[in-house]
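Please look through the sequence and the structure shown here, and then read the short report that follows.

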Amino acid sequence: MLFLLEENHQWQVQPPLDAAREAEMPSRSNIHLKEKQPISSISNVITYRLCPCDIKLMLYDEVLKVESTWHIRTECPELLVELVEWIRGPWEEMFSIELRRAVYEGLE
């Protein structure tokens, strides 16, 4: 399963709480789940020669007959390579064919 998360890197200042009130309050997460898809829904992986930290995952939900796209930007090209490999292994094992990958010059 693939999870698309959004992180909030803003510091959230909260007033100091005593131990009794702190136990009552649920902690706030800086991570928000935007979407999730099974790895089998990936139909194509697009990378960019001039933008080595960007990737576009083309997804197709066969049940709902809906296409979607995830555009992801990694911190460095090495993370992008690791992400593609992390996806490629299980995907190719599942379908017994090579994962479709395209390399474009730059972002569309």
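## Surface and overall build

In this predicted model, the chain exposes about 8,400 Å², and carbon and sulfur atoms supply 54% of that area. Buried residues account for 25% of the 108 residues in the chain.

The chain contains two helices and six strands, which follow one another from the N terminus in the order β-α-β-β-β-β-α-β. When contacts between residues at least 6 apart in sequence are considered, 56% of them join residues at least 24 apart.

Phe 3 counts as partly exposed because its relative accessible area is 48%, a value that lies between the limits of 20% and 50%.

## A buried threonine in a loop

Thr 74 is found in the loop between β5 (66-73) and α2 (77-95). Is this residue buried or exposed? Thr 74 has a relative accessible area of 14%, and since buried means under 20%, Thr 74 is therefore buried.

The surroundings of Thr 74 can be described in two steps. Its side chain reaches the backbone oxygen of Cys 76 at 2.9 Å, and, leaving aside residues up to four places away in sequence, Thr 74 touches Cys 53, Leu 79 and Leu 80.

Terms used: Residues numbered from 1 in each chain as written. Predicted model: local features only at pLDDT ≥ 70, side-chain atom pairs only at ≥ 80, totals over all residues. Heavy atoms only, no water. Helix = DSSP H or I, 4+ residues; strand = E, 2+ residues; numbered from the N terminus. Buried < 20%, exposed > 50% of the residue type's maximum accessible area, 1.4 Å probe, protein only. Contact = heavy atoms within 4.5 Å. Areas by Shrake-Rupley, 256 points an atom, 1.4 Å probe, with all protein chains shown as cover. Polar contact = N/O pair within 3.5 Å; in protein donor to acceptor, adjacent residues only side chain to side chain.
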